[in-house]
Amino acid sequence: MTSLKHRAYVGAGGSFGSSQMWFPAQGSALRADGCGAVAAADTLAYLAASGALGGRAGAQGFESGREAAMARVVEADRTVARVRHVLGVTGTAIARGLRRRFRALGAPFTARWYCPRDTASLRAAAESMLARDIPAILSIPPRPWGNEALWLYPSADDAKARRRAGAEEFRGRFGHYVTATACEDTAAEISSWGRRYYLRWDEYAALRRTLFGRITGGLVRISPAAPETGGRRAGPQDPRA
C-alpha cells in the first residue's frame, strides 16, 4: 500500500477531511457544489501541516476545529476553486488555482489536470504523489443518465469483497471530487464528506469509460516545480511525477 505519511490525514473534531455538508443548505454554493473547494483546502492544509509549503503558509496542525476547517474551505473557494452554484468547478480550474496559490506562497510545487485514457496511468500518477506525501484530488465523473454508479465502501475489506451493505452509492449528476490518501491493489482510500471511504479501481475505470468519464475522470497532478534558469524551466519534468 502507498499512502500519506500522516495516516489520519487532516480533520476537524475527528473527521477524515472536511465536508461541504457543514455549510448551510440555503444560500451557500459550497453546500451543493463545494467538493472541489474542500479537496483543494484539505490538500493545502495537509501540505502546510507537513511543512511542505514552507514558512509562508503559517504554522498549522493536522487537526483543527470545524470553524477553522470551514474557513479554509471558504479561503480555497476564493483563491483556488471559485465555485459557482450548479456549475461547480472544473479540474483544470482547480489545477490553475493551485498553481496560483503555490506561487503566492513560494511553495516548490506545480499542478496540472491529468486525464489519461487508461486508469492504470492515472493510478500510477496518484501513487507517485502519495509516495511524495502529496494528497491526490480525484474526480468522479457525472452520470446525468444511465445505470452506472460508483460505490464508496466503508472499509478496504468491504471494497475487496464488494460488500455493498453500508456502502454509499454515488450517482451524482454533476460529478464529485474526492481526495485519495492511500492506494491498495484493488482500491483507493479516499476522503469525502469528512469520512473515510474506499473506491474500487475497476469500478472507477468502468465509470471513466462512459461519455463524460473520458473527459472528467482525472486527477489534479501536483508535482515538484522544476527549477527555473534564465526565466525558463530547466528541462522537462519527470513524466512519472
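Hi everyone, let me start with Asp158, which is buried, with a relative accessible area of 13%; buried here means under 20% relative accessible area, exposed over 50%, and partly exposed in between, with a 1.4 Å probe and protein chains only. Before I go on, this is a predicted model, where local features need pLDDT of at least 70, side-chain atom pairs count only at pLDDT 80 or more, and totals for chains, interfaces and linings use all residues. Residues are numbered from 1 along each chain as its sequence is written, and side-chain values use heavy atoms, with hydrogens and water left out.

Back to Asp158, which sits in helix α6, residues 156-161; helices are DSSP runs of H or I with at least four residues, strands are runs of E with at least two, and both are numbered from the N terminus. Setting aside neighbours within four places in sequence, Asp158 contacts Tyr153 and Arg163, where contact means heavy atoms within 4.5 Å.

Now to Asp33, in helix α1, residues 29-33. Is Asp33 buried or exposed? Its relative accessibility is 10%, so Asp33 counts as buried.

Last, a helix pair. In α5, Thr119, Leu122 and Arg123 meet Trp201, Tyr204, Ala205 and Arg208 of α7. By class, that contact of α5 with α7 has 4 nonpolar, 1 polar and 2 charged residues; Ala, Val, Leu, Ile, Met, Phe, Trp, Tyr, Cys and Pro count as nonpolar, Asp, Glu, Lys and Arg as charged, and the others, Gly among them, as polar. Thanks, everyone!
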